[in-house]
Each structure stands twice: as C-alpha cells, then as structure tokens.
Amino acid sequence: MTDLRKDGYDVVVVGGGAAGLSGALALARSRRSVLVVDAGSPRNVPAAGVHNLLAREGIPPVELLERGRAEVRGYGGQVVPGEVGTVTREKDGFAVALTDGRAVRARRLLVAAGAVDELPDIPGLRARWGRDVLHCPYCHGWEVRDQAVGVLATGPMSVHQALLFRQLSADVTYFAHTLPPGDEQTEELTARGVGIVHGEVASVEIDGDRLAGVRLRDGTVVAREALVVASRIVVRAGFLAGLGLRPAEHPAGIGQYIPADATGRTEVPGVWAAGNVTDPAAQVGAAAAAGTLAGAQINADLIAEETRQAVAARRDPFSAEPESRLCEQAMGDRRHGI
C-alpha cells in the first residue's frame, strides 16, 4: 500500500477515471503534490472499447486507465485504491477521510468521482448494459449500424435518441412503454420511418449471449438486435455533504449533477468538479479535457494564494502568521503557541 504524505497534498483528486487522471496529470506536471483516490468502478467498464477518442479509438477502458495511472505516477503523482467517505473544511483546506480509516489533508479538491446509470426495473437490461443495451449513439452507434434497433421510452430524451439512432439504421422501433409520445413527437418519428409499439415492456429476450427481442406485457415479442435506454444519472457525491455541496437535478431531466462553471469551479471555495459528476453527457475525451482544464485552474488558484502569502511575508516578515508556519515546519507538534 502506498504511503500517504503526512503533511498533506496540494490537491486530492476523488476519482481515477479520465477526468480525474487528466486533472492529476496537469497538476503533477506543474510540480504539485497530488493524490488520486480511485474507487475502481468506472462508469464505462462494461463497454468493450472507448470511442471518439482521437489516436486511441477502440482502446479498452481498463487499458486506457492503466496507461493514465502510469503517466500520473511518472510525474510524481500518487494513485491509490480507496473510497472517500467524508470531506470536511479545515482552516487551510480540507480533511479527506477514506472509508478504510486513512485520512489526508488537501489544500484543494478535484471531484471526479463520476456517476452511476440507474436503469428501469426490467429483467435482463442490466446484464446486457454496455453490450447490446445501449444509450449513446456516439459511444456505440457504429457498432449497431444497420441492425434492428429498439428504443425504450424512459424519459424526455427518448424520442431524441430514436431520431439519432435512425441516422445509423433504417430499422428503428420506438417502444412507448409507460411514456407514449405526444402528437408532435409521433409525427416526427413517423416522418423518419421509426415504428412505434405501444404497450408496457415486461422483459428483454436473450438467445445465447445476444439480445434477441423485447417482450411486452401481453406476451408479444418484437425481434430486436439492440435496445437503446436512457438511464437516470446518479452522481457519486455523498462524501461532499459535509461541505454543503449536494447534487442538483439536471435541467435536461436526465438525473443529477454537481453544478460548476466552465472551468469546473463549484460554489464551494477550493472545490472543483470535472467529468460525468458535473457533465453527465461527457464522453471520455470531453471528460479528460474538463479534468485538464480544472487542474490548470486549481494550479492557478494555488499560485494566486502563494503569491498573496509571499507579498504579505515580504511586507511584514516578522508577523504572527509566517512565524507560526515556520515553527510548525521546524517543530511540528512541539511548536509554541504563536
């Protein structure tokens, strides 16, 4: 097990996916002490490959993360397995407690813990998730081109999904399930040649190791080779409750997210967010880019703080604050009370 720094870190990154590792890489290359705490449960682990990632098209998700961890470590960053349980505010940063009892201090926090896909309670869906039960035409669409595709209505984005997948296949069926389309949506689907099947879906049919069809409550089975489902996004952010930072409902109605500005800065000073925790629709490339940007912004924020401290020390080299810091560095717990 990697030894953790007793004097804390400039930045603790919660989450070792594309966003977290990219942020850590930018920080480590800026000579920041950085710790990545990785729970080891990436959202895309069921997928066979990562797509739309330039020069790494089709790379298995596990391999991509292995390379990323090695790169961060190569610049002096630490990556450890674990799960963050709580984060609390301290005078000069944060106390980060892991669920296994370990604890570290951080001056800044980058939240990149990702999200979980909640699927409808329909037998068979979860087992096929990321294989032939899909959600994103850009992540998986090419792989099911020209196949018999079904789209299960689960929320406000389902009709949009059907129209997107119609670009990839001429055989697309919209299963109205418990959300029948309105008149305008029906006209759009019909105009594009998308069939509409009414009736509640009971289960998916599996033949061997492949999706074979969709079974309705009345027993009817509609043959399909792939099924598109819009999941509800639930972010991994319970550990932020002590900071007063809680998930909000996403404006698009797709689930939760942590609000942040374009740089990843949240409403809590010192806390940034990147990846699916703040942008549920971000693919790997976008999540990585957001992590890099957040890392750069955190480094700039630390530099601004350090510059303020340096100016203050130059103006008054014998004030109580620099004296206290010097004593702490020299004597630790044996320092005097200034």
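Leucine 134 stands opposite valine 228 in S15, a pairing that belongs to the contact between S8 and strand S15 (residues 226-229), where two bridges join the strands in the parallel sense. Two strands are taken as paired if DSSP finds at least two bridges between them, and helices (H or I, at least four residues) and strands (E, at least two) are DSSP runs numbered from the N terminus. The model is a predicted one, in which local features need pLDDT of at least 70 and side-chain atom pairs count only at pLDDT 80 or more, whereas totals for chains, interfaces and linings use all residues. Residues are numbered from 1 along each chain as its sequence is written, and side-chain values use heavy atoms, with hydrogens and water left out.

The pairing of S8 with S15 is part of an open sheet of five strands, which has the order S8-S15-S9-S10-S11 and parallel pairing. At the edges of this sheet are strand S8 (133-134) and strand S11 (195-197), each of which pairs on one side only. Helix H5 lies across strand S9 (149-152), strand S10 (172-175) and S15, and runs at about 170° to S10; axes are lines fitted to C-alpha atoms, for helices over the stretch in contact, and angles run from 0 to 180 degrees between N-to-C directions.

Helix H5 (residues 158-166) also packs with helix H6 (residues 183-191), their axes coming within 10 Å and crossing at roughly 10°. The two helices H5 and H6 are therefore roughly parallel to each other, given that angles under 35 degrees count as roughly parallel, over 145 as roughly antiparallel, 65 to 115 as roughly perpendicular and the rest as oblique. On the H5 side the residues involved are Val159, Ala162 and Leu163, which meet Gln185, Glu188 and Leu189 in H6; contact means heavy atoms within 4.5 Å. By class, this contact of H5 with H6 comprises four nonpolar residues, one polar and one charged, where Ala, Val, Leu, Ile, Met, Phe, Trp, Tyr, Cys and Pro count as nonpolar, Asp, Glu, Lys and Arg as charged, and the others, Gly among them, as polar.

A further open sheet is formed by three strands in the order S12-S13-S14, with antiparallel pairing. Strand S12 (201-207) and strand S14 (221-223) stand at its edges, each with a single partner strand, so one side of each is left without a neighbour in the sheet. From one strand to the next the twist averages 30°. S12 and S13 pair over six bridges in the antiparallel sense, and within this pairing serine 203 has arginine 215 in S13 as its bridge partner. The hairpin of S13 and S14 has four residues between the strands, and in it glycine 219 takes a positive phi near 95°.

Arginine 32 lies in the loop between helix H1 (18-29) and strand S2 (34-38) and is buried, with a relative accessible area of 11%; buried means under 20% relative accessible area, exposed over 50%, and partly exposed in between (1.4 Å probe, protein chains only). Not counting residues up to four places away in sequence, arginine 32 touches Asp10, Leu27, Arg107, Asn299, Leu302, Ile303 and Glu306. Arginine 32 and leucine 302 are 270 residues apart in sequence and 9.5 Å apart in space, C-alpha to C-alpha.

Aspartate 301 lies in helix H7 (residues 284-315) and, at 19% relative accessibility, counts as buried. Leaving aside its neighbours within four places in sequence, aspartate 301 is in contact with Arg108, Arg265 and Trp272. Glycine 285 also lies in helix H7, but at 28% relative accessibility it counts as partly exposed. The C-alpha atoms of glycine 285 and leucine 53, 232 residues apart along the chain, are separated by 5.6 Å.

A search of the whole structure finds zero disulfides, a disulfide being a pair of cysteine sulfur atoms within 2.5 Å. Cysteine 136 is buried, with a relative accessible area of 12%, and cysteine 139 is likewise buried, at 18%.
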